[in-house]
Amino acid sequence: MIGIVDYGAGNLRSVLKAFDFIGIPAQVIGVPDEMKGVTHIVVPGVGAFGAAVEKLDASGFRAPLTGWVAAGRPLLGICLGMHLFLDSSEETPGSCGLGIIRGGNRKFTVGKVPQIGWNRVIPTSDPLFTGLPAEPWFYFVHSYYAVPDDPVVTIATADYGVTFPAALRKGSAVGVQFHPEKSGEAGLALLKNWGRL
Amino acid sequence: MNAIRIIPCLDVDEGRVVKGVKFANIRDAGDPVELAERYSEGGADEITFLDIGATYRSREIMRDIVEEVSRRVFVPLTVGGGIRSVEDMRTILRAGADKVAVCSAALNDPTLLTEGARRFGSQCIVLSIDAKRHGDCWHAYISGGRTDSGRDAVAWAIEGVARGAGEILLNSIDADGTQAGYDLELLRRVATAVPVPVVASGGAGKLKDFAAAVRDGKADALLLASLLHDGVMTIRQIKEYLRNEEMMVRC
């Protein structure tokens, strides 16, 4: 069972609908106690970094989520959900992320910002991309991108005036900058891969 | 680099697609849910629904359609027509839309864009402009292209984006239905004036029109209705053509 964290800052209904569609049981979890009943956790996210951090803290999810990853259990961050895995963001200086992946988030300085649209992703050999086209297309909506301290955690990149991480993996934590729930077949295939890991 | 998006547009009136779709193998050519699925399978990068029924009931049905489509189609969904308030926006976004398009209501009350962007983010707010040429400029029209608002279309696009619109859906009233090509000058004027994506609509008839809209009109996306509905061309054909023209499209 997959738990989708409802901390008040996510587009979680479309994520839930995508898991329903591919036949992987999923439910929304609103309090940390409900993490007991699930095997996988998704942190969605739309909005600003600082506001999301505040909501994550207010809903009591910070420590349970870091503990979850420390225990080697699967965690997926989508878009802002992934940004939260890092230490900080230029979007809200002084606001502390979960620190699961060391580094920060930076704003695009070239081109039309936010990036809204389909972009080609160049994956490494990570199992998240098993069975997908060699350079699959995904749908992106964001102004900021992750800048991890250790480049090894980047498991896929994309180009938008600058080469940025499209996906990160650190231990059992996986983050994707794009929206798999809005990326057609490639997105559903990726969610299926993750749900089976 | 983002791919040039091909966006089928379904005009819906009280739950039925109008401007009949003439595909083979369609069980119900008037069912917006089935058509959205077909277009998504056919390579649509996004799907736009326009509620052309002016009634409250038509809007309620649209909400149910969006709810159902979002369970079965996993590309971005844009919904326009009859959205007059932030509450209307919230209702349709909650049902599963990713973006809402506003036209007349925004001209009547531009704070709708400001407020919508503040509540839901600019990425959800599409400003739809129906433009008609008046001498050397274009005016933005309201009420489905029937009434001249008197507002300069380019100036309105700039204001709309400043207020929070994250995308412009630009329809040329003059070119619409002619299949004689997009109004490239209008497109270029708007696309070079705003820092957000511009979706071209109205006038496409031949494959070369799409390349012109992108190359000369600086469009980021192409909205299509009857050419696709009538089976004149498929999304894959358009994408193959654009790829041969060395433009980025999603496979």
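## Chain B: fold and dimensions

Chain B contains ten helices and eleven strands. The model described here is predicted. The C-alpha trace of chain B spans about 45 × 40 × 35 Å along its principal axes.

How does the radius of gyration of chain B agree with that of a compact globule? For 251 residues, a compact globule would have a value near 18 Å, and chain B has 17 Å, so the two agree.

## Chain B: interior, contacts and surface

Of the 251 residues in chain B, 57% are buried. Buried here means under 20% relative accessible area. Among the contacts in chain B with a separation of 6 or more, 65% are between residues 24 or more positions apart.

The accessible surface of chain B is about 10000 Å², and carbon and sulfur atoms account for 48% of that area. Chain B carries 32 positive and 37 negative side chains. The centres of these two sets lie 1 Å apart.

## Chain A: fold and dimensions

Chain A has five helices and eleven strands. Its radius of gyration is 15 Å, close to the 16 Å that the globule rule gives for 197 residues, so chain A is as compact as a globular protein of that length.

Along the principal axes, the C-alpha trace of chain A spans about 40 × 40 × 30 Å.

## Chain A: interior, contacts and surface

What percentage of the 197 residues in chain A is buried? The buried residues make up 56%. Of the contacts in chain A between residues at least 6 apart in sequence, 68% join residues at least 24 apart.

Chain A exposes about 7300 Å², with 55% of this supplied by carbon and sulfur atoms.

## Helix α5 of chain A

Helix α5 of chain A covers residues 184–196, which is 13 residues. From its first C-alpha to its last, this helix reaches 19 Å, close to the 18 Å expected at 1.5 Å a residue.

Which residues of α5(A) are buried? They are G184(A), A186(A), G187(A), L188(A), L190(A), L191(A), N193(A), W194(A) and G195(A). As background, an α-helix has 3.6 residues a turn, so residues three or four places apart point the same way. The buried residues of α5(A) include the leucines L188(A), L190(A) and L191(A), as well as W194(A).

Conventions
Residues are numbered from 1 along each chain as its sequence is written. Chains are lettered from A and ligands numbered from 1 in the order in which they are written. This is a predicted model: local features need pLDDT of at least 70, side-chain atom pairs count only at pLDDT 80 or more; totals for chains, interfaces and linings use all residues. Side-chain values use heavy atoms; hydrogens and water are left out. Helices (H or I, at least four residues) and strands (E, at least two) are DSSP runs, numbered from the N terminus. The radius of gyration is taken over C-alpha atoms; the globule rule is 2.2 Å times the number of residues to the power 0.38. Buried means under 20% relative accessible area, exposed over 50%, partly exposed in between (1.4 Å probe, protein chains only). Contact means heavy atoms within 4.5 Å. Accessible areas come from the Shrake-Rupley method with a 1.4 Å probe; for residues, only the protein chains shown count as cover. Lys and Arg count as positive and Asp and Glu as negative; His and the chain ends are not counted. The place of a charge is taken as NZ of Lys, CZ of Arg, CG of Asp or CD of Glu. The expected span of a helix is 1.5 Å times one less than its number of residues.
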